[in-house]
Amino acid sequence: MKTRYALGIDIGGSGIKGAIVDLKKGEFSTDRLRIDTPQPATPEAVADVVGQIAEHFADELGAGPIGVTIPAIVQHGITRSAANIDKSWIDAPAEKIFEERLGRDITLVNDADAAGIAEVRWGAAAKQPGLVIVTTLGTGIGSALIYNGVLIPNSELGHIEIDGHDAETRASAAVREREGMTHEDWATERLQRYYETIEFLFSPDLLVVGGGVSKKSKKFLPLLKLKTPIVPAKLLNAAGIVGAAWLAADRLKNPDTLIDK
Ligand code: BGC
């Protein structure tokens, strides 16, 4: 049976957001619920908020799948890194912690992977064959590597080393704000170097730029000199929720592929 609706939950640094997603349309079928991220954002405290969100949507969701995003490497349900989140996530059995709190299965995925798959299915990279690299520019830099529609998870291209620096510490949107750079200077001094390196290493067919800044893409994307087309994301802050919902439903269809336990 094809799943039509799934719950997507996006765990961010300041808010945890959820909505029921219509997987035929790739859009929310309910309002979005947002709850502040608890501080400290330990796995148990965050699981409690995820549980509240799931309870809020219980009637609409029924037995439908639940997908949850997190800004960390997620390997077989274990969170393996914590660049911009509480260090207690490192090596935490995060998927199991959520499942115990919710009393049902969930699918945990990296936040940029979720946003990327949503852009490839319904957004800026819809129907794009070949290699699409979606990057999210926010507190850090997230990435999704998608080849002919298939996600290669946990690419972590925000952490490639460029000129002796971890790339996200030079080129993220938060760094632009912290250093008081204009969008123009950020594009020419930081993003150019970042994206030309990605282009050289991966030869993508399309680059998609997501994260909150994609709304202002006219201020910086036209300044980049690349051979690869580079376009703003379309789903904006819905991408994580929509992608997580889709990945959760997809995992039920293909239990042995994509993101396994
Ligand atoms: C993390 C990634 C995450 C990205 C965006 C990076 O610092 O390492 O896992 O996808 O930030 O949140």
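**A loop residue, then the rest**

Modeller: Let's start with N154, which counts as partly exposed because its relative accessibility is 21%. On this scale, buried means under 20% relative accessible area, exposed means over 50%, and partly exposed is in between (1.4 Å probe, protein chains only). Bear in mind that this is a predicted model, where local features need pLDDT of at least 70 and side-chain atom pairs count only at pLDDT 80 or more, while totals for chains, interfaces and linings use all residues. Residues are numbered from 1 along each chain as its sequence is written, and side-chain values use heavy atoms, leaving out hydrogens and water.

Back to N154: its phi is positive, about 60 degrees, although the residue is not a glycine. You'll find N154 in the loop between β11 (150-152) and β12 (161-162). Helices (H or I, at least four residues) and strands (E, at least two) are DSSP runs, numbered from the N terminus.

S203 is another non-glycine residue with a positive phi, near 45 degrees. S203 sits in the loop between α7 (183-202) and β14 (206-210). Its relative accessible area is 54%, so S203 counts as exposed.

The peptide bond leading from Q39 into P40 is cis, with omega near -5 degrees. Strand β4 also holds D36, which is exposed because its relative accessible area is 53%. The D36 side chain makes a polar contact with the side chain of R34 at 2.7 Å. A polar contact here is a pair of N or O atoms within 3.5 Å; within protein, one must be able to donate a hydrogen and the other to accept it, and residues adjacent in sequence count only if both atoms are side-chain atoms. Setting aside residues up to four places away in sequence, D36 touches S14, G15 and V49, where contact means heavy atoms within 4.5 Å. V46 is 10 residues from D36 along the chain, and their C-alpha atoms are 9.8 Å apart.

T136, in strand β9 (residues 131-137), is a buried case, because its relative accessibility is 18%. Beyond its neighbours within four places in sequence, T136 is in contact with A112, A115, I141, G142, G210 and G211.

Now zoom out to the domains. The chain is divided into domain 1 (5-113 + 238-253) and domain 2 (127-234), with bounds from an automatic or database domain assignment. Their centres, taken over C-alpha atoms, are 24 Å apart. Domain 1 puts 10 residues into the contact and domain 2 puts in 13. Together they bury about 790 Å², 50% of it on carbon and sulfur atoms; buried area is the accessible area (1.4 Å probe) that two parts lose on being put together, summed over both. On the domain 1 side, N84, A112 and D113 lose the most area, together 60% of what that side buries.

Across this interface there are three residue pairs in polar contact, both residues at pLDDT 80 or more. On the domain 1 side that touches domain 2, β6 (74-75) and α4 (111-122) each supply at least two residues. That side divides into six nonpolar residues, three polar and one charged. Ala, Val, Leu, Ile, Met, Phe, Trp, Tyr, Cys and Pro count as nonpolar, Asp, Glu, Lys and Arg as charged, and the others, Gly among them, as polar.
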